[in-house]
Amino acid sequence: WEFNGSFYQPSAFLMMGIPGLEALHYWISIPFCALYLIALLGNCMILLIIKKTQSLHEPMYYFLSMLAVTDLGLVLCTLPTTLGIFWFNMRRIGFDACLTQMYFIHILSFIESSVLLAMAFDRFIAISHPLRHPSILTKTTVVKIGLAIILRGMVSLLPIPFLLKRLTYCGKTELSHSFCFHPDIMNLACADIKVNVFYGMIILLSTVGMDFIFIVLSYILIIKTVIGLATKEECLKALNTCVSHICAVLVFFIPMIGLSMIHRFGKNVPPLVNTLVAYTYLIIPPALNPIIYSIKSSHIREALLRALRRKSE
């Protein structure tokens, strides 16, 4: 403990694996390793295919590349501490290291939310204004959108570590997860956390919350456009281009909203449920997104098959 007058700050926190199943951590690590491997290989494969396939150099796949990079970042943020607990029972993480991990996890989550919104905008323009799509979403515009997404995440979350460092901590230093999460750290403080709660809620609603609302509005407009198409075949073809994105949105937002609600309002939720939702939120989307896009996107699938044929020759 670091002491400064009446101010107490722990030198480290203790992370938690899966409560009640500590004896099975070695076995539990097997599916986690599989998911991490799928996420790493799958997202790297998506990036490599888009880079090497000239026909995929268009806005939809540029945004998909951003999504893949973000998913890789989330995996690399949580993999060391999660597998460290499962394999070596390394529960201790330094206070500053915990804040750093928390900052990047939240930034990458916010970036993923914003990228999903950008992908929804791309689908809306492609379906509602197909002739204007190339002139609206140029390469320069896509780069500007990407930079704006990163800047928004970094700036909006910058005060969070400092708001946590100003708090006084006492007694309990055990986190609820094998990674550092803002509400989890905040709830260990024995000081007034109203500012943290208020700022965290405002930032969450003004970023991820607004992203989700605009994604829903985009699809309302897309459906309105699709209904006006002449034939059923055209309608289904237009909607089919959105299936991958809809799946990615559901896979990301449902566990994220669930985890946020549990931390803020679920005081009586069993720890195991809290832990499983957290792992679902951080590990499942990076592992599933490459699979979803490889299955549903014919261009990605065909490029992957061509690459596999070249290797086998």
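Some housekeeping before we look around. Because the model is predicted, local features need pLDDT of at least 70 and side-chain atom pairs count only at pLDDT 80 or more, while totals for chains, interfaces and linings use all residues. Residues are numbered from 1 along each chain as its sequence is written, and side-chain values use heavy atoms, with hydrogens and water left out.

Let's start with the record. An unreviewed UniProt entry carries the annotation "transmembrane region" for residues 24–50, 62–88, 100–121, 142–164, 197–222, 243–264 and 276–295. UniProt positions are in the numbering used here, feature names are shortened, and such annotations may be inferred rather than shown by experiment. What does the model show over residues 24–50? That span is 96% helix and 0% strand, and its end C-alpha atoms lie 40 Å apart. Residues 142–164 are also 96% helix and 0% strand, with 35 Å between the end C-alpha atoms.

Now the inside. A nonpolar core here is a set of buried Ala, Val, Leu, Ile, Met, Phe, Trp, Tyr and Cys residues joined through side-chain atoms within 4.5 Å. Buried means under 20% relative accessible area, exposed means over 50%, and partly exposed is in between, using a 1.4 Å probe and protein chains only. The largest nonpolar core has 85 residues, and the members that touch the most others are F13, L64, L116, L164, Y169 and I185. Which helix gives the most to this core? That is α3, residues 95–128, with 18 residues.

Take F13 as a way in. Contact means heavy atoms within 4.5 Å. Setting aside neighbours within four places in sequence, F13 is in contact with R91, R92, I93, F95, C98, Y169, T173, L175, I185 and L188.

A cavity is a set of points, on a 1 Å grid over the protein atoms alone, where a 1.4 Å probe fits but cannot get out, and its lining residues have an atom within 4 Å of a point. Grid points are joined across faces, edges and corners, and the volume is the space filled by probe spheres set on the points. How many cavities of 30 Å³ or more are there? The count is three.

The largest cavity holds about 160 Å³. It is lined by 14 residues, and the closest to its centre are H106, F110, G200, L204 and R264. Helices α3, α7 (182–186), α8 (194–227) and α10 (243–265) each supply at least two residues of that lining. By type, the lining has nine nonpolar, four polar and one charged. In that scheme Ala, Val, Leu, Ile, Met, Phe, Trp, Tyr, Cys and Pro are nonpolar, Asp, Glu, Lys and Arg are charged, and the others, Gly among them, are polar.

The second largest cavity is about 50 Å³. M60, M119, D122, R123, T241, S244, H245 and Y293 line this one. Here α3 and α10 are the elements giving two or more residues, and α3 gives the most, with three.

Now for some single residues. S114 sits in helix α3 and is buried, at 6% relative accessible area. Beyond its sequence neighbours within four places, S114 is in contact with I149, R152 and D211. T207, in helix α8, is buried at 4%.

N89 is not a glycine, yet its phi is positive, about 55°. N89 lies in the loop between α2 (59–88) and β4 (92–94) and counts as exposed, because its relative accessibility is 54%.

Last stop: R301, in helix α12, residues 298–312. Thanks, everyone!

Definitions and conventions. Helices (H or I, at least four residues) and strands (E, at least two) are DSSP runs, numbered from the N terminus. On a 1 Å grid over the protein atoms alone, a cavity is a set of points where a 1.4 Å probe fits but cannot get out, and a pocket is an open set with protein on both sides within 12 Å along at least five of seven lines; lining residues have an atom within 4 Å of a point.
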